Amino acid sequence: GSAYTAARAANLDRLANIEANETPIEGTANFLTTDTYPKTVVIVDTSGSTKLHRIDGYIDLTALASGETLTIRESMIIKSGGSAIKYAEVAYTGVQSVPLLHITTKPARYGLKIELVMSTAPVANRAFDYQLFKKSVA
């Protein structure tokens, strides 16, 4: 075997902190003209988690049209049994010149929630695909 060295010890210590990726969370958030607005679609909710994690991934805003606004809202639970508290919210309006949005949440222990919100009905049915990765610290 290899000799035990300080460098090898440091590498072994890092193994415990390597991020473990679970199966991607994939889907489509649909906003139909016949839905009731404002409408919120929760695309991920990790409530009940007890392991440090974050969400990293993509939301496709290609369907967003002129005059329409889609808001991305991020919330976090900061105590066991607590409720989600909003910490970030960004509104995207109209056609996006770079339509594939990359998002990375803050790290959380007890849960993260990402929501897509439209306050008024779109001109036509809209579908926003997403692919998210929950990265947990092992």
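View 1. A search of the whole structure turns up 1 aromatic pair; rings of Phe, Tyr and Trp (its six-membered ring) qualify if their centres lie within 6.5 Å, with planes under 30 degrees apart called stacked, over 60 edge-to-face and the rest tilted. Strands here are DSSP runs of E, at least two residues long, while helices are runs of H or I of at least four, and both are numbered from the N terminus. F31 counts as buried because its relative accessibility is 0%, and F128 is buried too, with a relative accessible area of 0%. The cut-offs are under 20% relative accessible area for buried, over 50% for exposed and anything in between for partly exposed (1.4 Å probe, protein chains only). This is a predicted model, in which local features need pLDDT of at least 70, side-chain atom pairs count only at pLDDT 80 or more, and totals for chains, interfaces and linings use all residues. Residues are numbered from 1 along each chain as its sequence is written, and side-chain values use heavy atoms, leaving out hydrogens and water.

**View 2. R126 in strand β9.** R126 also has its place in β9. Is R126 buried or exposed? It counts as buried, because its relative accessibility is 15%. The side chains of R126 and E68 are joined by a polar contact of 2.8 Å, meaning a pair of N or O atoms within 3.5 Å; within protein, one must be able to donate a hydrogen and the other to accept it, and residues adjacent in sequence count only if both atoms are side-chain atoms. Skipping residues up to four places away in sequence, R126 touches A29, N30, F31, A63, A65 and E68, where contact means heavy atoms within 4.5 Å.

**View 3. K39 in strand β3.** K39 lies in strand β3 (residues 39-45). Which side chain does the side chain of K39 meet in a polar contact? That partner is D35, at 2.6 Å. The K39 side chain also reaches the backbone oxygen of N30, at 2.7 Å. Not counting residues up to four places away in sequence, K39 touches N30, F31, L116, V117 and M118.

**View 4. The four-stranded open sheet.** In the order β3-β8-β5-β6, 4 strands make an open sheet with antiparallel pairing; two strands pair if DSSP finds at least two bridges between them. At the edges are β3 and β6 (85-93), each pairing on one side only. From one strand to the next, the twist averages 20 degrees, taken between N-to-C directions of axes fitted to C-alpha atoms, on a scale from 0 to 180 degrees. Strand β8 (residues 112-118) is joined to strand β5 (residues 69-76) by 6 bridges, and β3 and β8 pair over 6 bridges, again in the antiparallel sense. Looking along β8, E115 has V42 opposite and also R73, while I114 stands opposite E74. β8 is mostly covered, with 6 of its 7 residues buried.

**View 5. R73 in strand β5.** R73 is found in β5 and is partly exposed, because its relative accessible area is 22%. How far apart are R73 and E115, C-alpha to C-alpha? They are 5.1 Å apart in space and 42 residues apart in sequence. The R73 side chain has a polar contact of 2.8 Å with the side chain of E89. Leaving aside neighbours within four places in sequence, R73 is in contact with T40, K86, A88, E89, K113, I114, E115 and V117.

**View 6. The β4 and β7 pair.** Strand β4 (residues 53-60) and β7 pair in the antiparallel sense over 5 bridges. G57 stands opposite I103 in β7. Strand β7 (residues 100-104) shows a covered face made of L101 and I103, and an uncovered one made of L100, H102 and T104.

**View 7. The protein chain as a whole.** Stepping back, the protein chain has 1 helix and 9 strands, in the pattern α-β-β-β-β-β-β-β-β-β along the sequence. Of its 138 residues, 36% count as buried. Among contacts with a separation of 6 or more, 80% come from residues 24 or more positions apart.
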